Amino acid sequence: MKNKLLVLATISLLSTGCSRVEFIESTVKVICPTGAPAVAFYNHASDENFETNGAPANILSFLNASSPYDVVVIDTVSGLKAIKNGAPYKMHSTITFGNFFIASTGNDEDETMSSDDKIVLFGKNQTPDLLFHYIYGNQYDDAIEYVNAVTDAASCLASGKNVLTGSDVDYVFIAQPALFSTLNNTNAPTYGKSAIAANIQELYKNKTNNKSIVQASVFVKNGSNCDEYLEILKSDIETLLDFPTEVETALGSVDEDEVKAKYGVPARIMKAVVANNNGLGLGFKKARDNLADINNFINIFGLEGINEDYVI
Amino acid sequence: MKTTSFKDLLLTLLGIVLIFLIWIITSSSISNNSMIFPNPFVTIKETFKLLEKSFTYRCVGQSLLRTFLGFLGSFIAALVLGIVSGLSESFKKVISPLFSVLKSIPTATIVFLFLVLVGAKNAPIIMVEVICLPIIYESVVRGFENIDIDVLNASKVDGSSLLRRIFRIYIPLMSPYIFAGVASSFSLSFKIEIMAEVISGTTVDGLGSIISACQKSDPTNMVPIFAYSLIGIIVIAVLSLVIYFLEKAVNKNIPVK
């Protein structure tokens, strides 16, 4: 054991960063947030030109003229706001269409969300908050308690308590894949009791005459030619949706923690969540063909509708 | 020079046992502790699992490499600026507001500032550089101020060139102070590197990146986060030990005023 560790340590430290499995290597430079959108790039695990970042706000700072990235994947609203403020990019397509759910902790006896329940929402004044209010209006305002991030929401769902206030929680607004990890955490006090109570994507469709949430989109730098790259991306996403096991085939030979670091999600969870009714909301729709959905969505955020000048 | 006695060693071991006791008590006082504060036993078990993976060593290696690069940059800059400050009181006064700013600038600001300029991957290197620079600079200046004035005067009378005096006399005489600065800031710089990896959101191999990824991919399981942190602590302990022995070796036979 000792020798094995010693050999591993020496080899790895000396050849740090050298051993990689070969996948697609492209010349298009891409930056994408970890989580659901990154999963679409499952074939780019060792592509040096494909970078991910765990802080979406940091990605936003790359939407400028001196940015080295041909393609920036970011939430649709932030990307369009940046373009309105002069960022030299255009929206190409949307690749995630919502991964939001409301989960019950099992604390609510009648199992029906009402204004006397406690509901935890993450991201005050951000997408989850605005979507929740768009769908439900203000009827639950007295019941809402806010937490900062989806990771906090997951802790609330796992414990059945608000991690910030300690109060009991009945429902939690949460996103995949955090929902999957939490529901399957056998150590969680709510394990076996917690369950999905509502699918926000379906509720949004019902309210908007079958329109989609346009969550994360691909923005292409003016002058960059990424058509071929994005065609392959589209094909990769379609393959993944048809054959979720494809992600394990592509990433199976890479260490689980390495996949976790680059994508924010381990391969086995990617597969499980995609296989479960496309829980990550992956897809591919060209912005040019989806202007009505985009405008409906960004109006919720108080953003004026866009025309064809904003898309490529 | 004081030598490490058996008693010192015993006291250190007692301190380590105390840490584990506090850890066990804290952990067992929290229900569902793996979600919030895992106990040392599951953490150590997970640490051994991680130590069997080459990815873990790549993360440690890359974080160390970036720490070293940032540290080297700050060391060279601090040495040059510190010696010039030692030679010229006016330069020292001119440069002191800059170092006051560097010392007080919020660390997160440095990351955001350099994120766009050098990219998320390299921002932690700059952060280490900027934070360590004032610490090492002060050590160099203090070292210069503590060189015996007679030695300084004698070296000038000797007629040797400035460069020769710097490398043959000033730096060797300043080395105990420089090493003190290095010792106090290198471990710190490794911690800064890990924190900067988390703030910059970079997903390149690194301890900070993987700790952040573990928290995001399964926020209800703190065990891997604790295990990676334990590896970080071990690395810092080993580094501190190496620096301690180096410092001892260098200080041997060098007179300090």
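What follows is a working chat about a predicted model with chains A and B.

Biologist: Ground rules before we start?
Modeller: The model is predicted: local features need pLDDT of at least 70, side-chain atom pairs count only at pLDDT 80 or more, and totals for chains, interfaces and linings use all residues. Residues are numbered from 1 along each chain as its sequence is written, with chains lettered from A and ligands numbered from 1 in the order in which they are written.

Biologist: Chain B, then. How many helices and strands does chain B have?
Modeller: Chain B has 11 helices and 0 strands. Helices here are DSSP runs of H or I with at least four residues, strands are runs of E with at least two, and both are numbered from the N terminus.

Biologist: What box do the C-alpha atoms of chain B fill?
Modeller: Roughly 70 × 50 × 30 Å along the principal axes.

Biologist: And which domains does chain B have?
Modeller: Domain 1 is 1-30 and domain 2 is 39-251. The bounds come from an automatic or database domain assignment. The C-alpha centres of these two domains of chain B are 26 Å apart.

Biologist: Where does helix 9 of chain B bend?
Modeller: At Ser175(B), by about 55 degrees. Pro176(B) follows within four residues. The bend is the angle between axes fitted to the seven residues ending at a residue and the seven starting there.

Biologist: What comes after helix 9 of chain B?
Modeller: Gly201(B), with a positive phi near 75 degrees.

Biologist: New topic, the interface. How many residues of chain B are in contact with chain A?
Modeller: 32 residues of chain B, against 37 residues of chain A. Contact means that the C-beta atoms, placed from the backbone, lie within 7 Å.

Biologist: Which helix of chain B gives the largest share?
Modeller: Helix 10 of chain B, with 8 residues. Helix 2 (33-36), helix 4 (54-87), helix 6 (107-118) and helix 10 (207-217) of chain B each supply at least two residues.

Biologist: How do the residues on that side of chain B divide?
Modeller: 12 nonpolar, 15 polar and 5 charged. Ala, Val, Leu, Ile, Met, Phe, Trp, Tyr, Cys and Pro count as nonpolar; Asp, Glu, Lys and Arg as charged; the others, Gly among them, as polar.

Biologist: Over to chain A. What are the domains of chain A?
Modeller: Domain 1 of chain A is 23-98 + 212-310, and domain 2 is 100-207. Their C-alpha centres are separated by 25 Å. The contact takes 15 residues from domain 1 of chain A and 12 residues from domain 2 of chain A.

Biologist: What about the 5 strands in chain A, in which order do they stand?
Modeller: 7-6-8-5-9, an open sheet with mixed pairing. Two strands pair if DSSP finds at least two bridges between them. Strand 7 (144-147) and strand 9 (195-199) of chain A each have a single partner strand, so one side of each has no neighbour in the sheet.

Biologist: How do strand 6 and strand 8 of chain A run?
Modeller: Parallel, joined by 2 bridges. Ile119(A) has Tyr171(A) in strand 8 of chain A as its bridge partner.

Biologist: And the sheet of 6 strands in chain A, in what order?
Modeller: 2-1-3-10-4-11, open, with mixed pairing. Strand 2 (50-53) and strand 11 (282-286) of chain A are the edge strands, each pairing on one side only.

Biologist: Strand 4 and strand 10 of chain A: over how many bridges do they pair?
Modeller: Over 6 bridges, in the antiparallel sense. Tyr89(A) stands opposite Lys221(A) in strand 10 of chain A.

Biologist: What about phi of Glu111(A)?
Modeller: Near 55 degrees, a positive value in a residue other than glycine. Glu111(A) sits in the loop between strand 5 and strand 6 of chain A.

Definitions and conventions: Contact = placed C-beta atoms within 7 Å.
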